[in-house]
Amino acid sequence: MTPILEVTTTIEASPQEVFPYLVQPDLLVRWLGTWVDVDPEPGGAFAVDMGETQVRGSYLAVDPPHRVVFTWGIPGDEELPAGSSTVEIVLRPEGDATVVELTHRDLPVGQQAGHREGWTSKLGEMASLLQE
Amino acid sequence: MTAEAPDLVLRALADPTRRTMLRLVSSQELAAGQIATHFPMTQQAVSLHIQVLHRAGLVSERREGTRRLYLLRPDALRPVRDLLDDLWPDALDRLKRIVEEDKRSRS
């Protein structure tokens, strides 16, 4: 469960005002991708095209107005959407603003490093590369 | 780095067979024939998978006589990291701008 990327930003709006932009297709399409089809409830579909990159997954958690977790994978793969790569977005109120914390975890190779034999120092190097 | 590099890496990683192949060559250099013994498929099919990994830059290829030897490249996932490094900060910048613009236009 290695975070490979953490990004934070502060938005001048309340978490209640920001949250719909994480779950409503008409709002998601304005910042996240060129095409969006989502069903924002646990187990519901998360499908976004980001330019050339087609992202497919499902929502794992939808806790308005504080937190959204969805899996993040690419089409044609049966294992990836099952929780191998996940994105968690947490909204934290700070005064009149909201701190948005996004964490992307567990690319498939990194995930398997934890419980499969055969990953050796090379993968340790990969993991450290991803955590730079 | 080419624009399609992250896409190639993600597609290469999206297949369970190819991920198993990566594990096999993570600690030792193996010939295509040695890799093929681990999979219930033809050597031609195995070779196609190996070429996908090679084109994505995930494995190195070295000729030794008539054999070709493959090894995981330690910097293989760099394109994916670069993709995410570009993607998420840009996306959150857009989110911030749009939410704040919408809020101003409502008030």
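How many bridges join E6(A) to strand E7 (residues 97-105) of chain A? In this predicted model, the count is nine, and the two strands run antiparallel.

**Strand pairing in chain A**

E6(A) and E7(A) make a hairpin with two residues between them. In the turn, Gly95(A) has a positive phi of about 65°.

**A sheet in chain B**

Chain B has an open sheet of three strands, in the order E1-E3-E2, with antiparallel pairing. Strand E1 (30-31) and E2 of chain B stand at the edges; each has a single partner strand, so one side of each is left without a neighbour in the sheet. E2(B) pairs antiparallel with strand E3 (residues 67-72) of chain B over six bridges, and here Ser60(B) has Leu71(B) in E3(B) as its bridge partner.

| Strand pair | Sense | Bridges |
|---|---|---|
| E6(A) and E7(A) | antiparallel | nine |
| E2(B) and E3(B) | antiparallel | six |

Glu64(B) belongs to strand E2 (residues 59-64) of chain B. Is Glu64(B) buried or exposed? Glu64(B) counts as exposed, because it has 9 C-beta neighbours inside 10 Å, and the limit for an exposed residue is 12 or fewer. The C-alpha atom of Glu64(B) is separated by 9.3 Å from that of Ala31(B), although the two residues are 33 apart along the chain.

Now to the interior. In soluble globular proteins, nonpolar side chains tend to be buried together. The largest nonpolar core here has 27 residues, and Val18(A), Val68(A) and Phe70(A) have the most contacts inside it. Both chains take part: at least two residues each come from helix H2 (20-23), strand E2 (35-38), strand E3 (45-50), strand E4 (53-63), strand E5 (67-71) and strand E6 (86-94) of chain A, and from helix H5 (78-106) of chain B. The most is given by H5(B), with four residues. Apart from this core lies another, of 19 residues, including Met21(B), Leu22(B), Ile35(B) and Ile50(B).

Notes. Residues numbered from 1 in each chain as written. Chains lettered and ligands numbered in written order. Predicted model: local features only at pLDDT ≥ 70, side-chain atom pairs only at ≥ 80, totals over all residues. Buried ≥ 20, exposed ≤ 12 C-beta atoms within 10 Å, placed from the backbone. Core = buried A, V, L, I, M, F, W, Y, C linked by C-beta atoms within 7 Å. Pairing = 2+ DSSP bridges.
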